[in-house]
Amino acid sequence: MDHHLLSFHIAADPPPRLDKALARDVPEEASLSRSRLAKLLDEGAIRIDGTVVQDAKARVTAGALVEITIAEANESHIVGQDIPLNVVYEDDDLIVIDKPAGMVVHPAPGSPDGTLVNALIHHCGDSLSGVGGMKRPGIVHRIDKDTSGLLVAAKTDRAHHGLAALFEAHDIERRYLALCYGVLSAADPRVRGLKGVNFELGNILKIQTRLDRHRTDRQRQAVIWEGGRHAVTRARVVEEYNGAASLIECWLETGRTHQIRVHMSYVGHGLIGDPTYGGRKRLSPKSLPEAAVAMAHDFPRQALHAATLGFVHPVTGEEMRFESPLPPDISQLIGLMRG
């Protein structure tokens, strides 16, 4: 395996711990995150003034020579595939994709290839400098296979670490557009009476629960109150269709699996087309045009679109915000509902 040597000196007034001093002073162009530096320490790949040091808590003095032996990033075991991508933005550190419905984000037993990761490995090629020592894109969040819209992936270790920290701190703006049954209303006593639900100013619905795997169906998530993971969703009505359905905007404070779909089902406003959480609701021909009712009945996926993605670039510090228009299938259904 090929290696290269990175050398630099510890600057003045170093932090008391070696790991923190390394994180502060390692050259930015090296694209080494804190977690990668910690791994290199464990591997004995870091020398201070000629001596291998593996203790992250060791003290280091200003002017000390740091030498890090870095193995060239391994090729990923995931094969790149020439799959068309809608690239919204790309630079040396990250890439933003507008994912179509039907595409799985990451290979899994049921979807070994044809995924977004396969496509990114082919598209990015040699511009992938390595995430965790592997030439692969860093996936810090996912959207469901049949959800369309915006997703960001890291191309470098430093971007991967920075994006992961933003998501962990909930410092990412993620807004979704969805078509649901019925119309959210603060005047609805049934919804107001649900545990974990309240309305904020502007008729904004706030749902705050815990989510975990369903006890009997491991492919589903369920609202629970003990254990699981904290989940917060907010939603507001953008447009309603004769009281039978509505276009809603949802934004996430947390990002749990199936969160919007589970929460909207919990409040009785499941998403149109959702085969897992949509329930058995049907639109009435008395409320909407027959063509709209028919299309909604046969809609092949949950009508959910990741429309807005905003974050501070983890390397440049630039504020970034991207918007994706509704895809043709949802737009067509809205047109029919408008009559």
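Analyst: Cys250 is buried, its relative accessible area being 0%, where buried stands for under 20%, exposed for over 50% and partly exposed for the range in between, computed with a 1.4 Å probe on protein chains only. This is a predicted model, in which local features need pLDDT of at least 70 and side-chain atom pairs count only at pLDDT 80 or more, while totals for chains, interfaces and linings use all residues. Residues are numbered from 1 along each chain as its sequence is written, and side-chain values rest on heavy atoms, with hydrogens and water left out.

Cys180 is buried as well, at 0% relative accessibility. The structure contains zero disulfides, a disulfide being a pair of cysteine sulfur atoms within 2.5 Å. For Cys180, the nearest cysteine sulfur belongs to Cys250 and is 7.7 Å away; for Cys250, in turn, the nearest is that of Cys180, and Cys250 is in no disulfide.

Points are joined across faces, edges and corners, and a volume is the space filled by probe spheres set on them. The largest cavity holds about 40 Å³ of space, and its lining is formed by His141, Leu150, Arg174, Arg175, Tyr176, Ala306, Thr308 and Leu309. Strand E11 (173–181) and strand E17 (304–312) each contribute at least two residues to that lining, strands being DSSP runs of at least two residues (E) and helices runs of at least four (H or I), numbered from the N terminus. By class, the lining residues comprise four nonpolar, two polar and two charged; Ala, Val, Leu, Ile, Met, Phe, Trp, Tyr, Cys and Pro count as nonpolar, Asp, Glu, Lys and Arg as charged, and the others, Gly among them, as polar.

Two loop residues complete the view. His258, in the loop between strand E16 (245–252) and helix H6 (259–266), counts as buried at 16% relative accessibility. Leaving aside residues up to four places away in sequence, His258 touches Asp144, Gln219, Gln221 and Tyr277, contact meaning heavy atoms within 4.5 Å. Gly273 lies in the loop between H6 and helix H7 (290–297) and is buried, with a relative accessible area of 18%.

Definitions and conventions
On a 1 Å grid over the protein atoms alone, a cavity is a set of points where a 1.4 Å probe fits but cannot get out, and a pocket is an open set with protein on both sides within 12 Å along at least five of seven lines; lining residues have an atom within 4 Å of a point.
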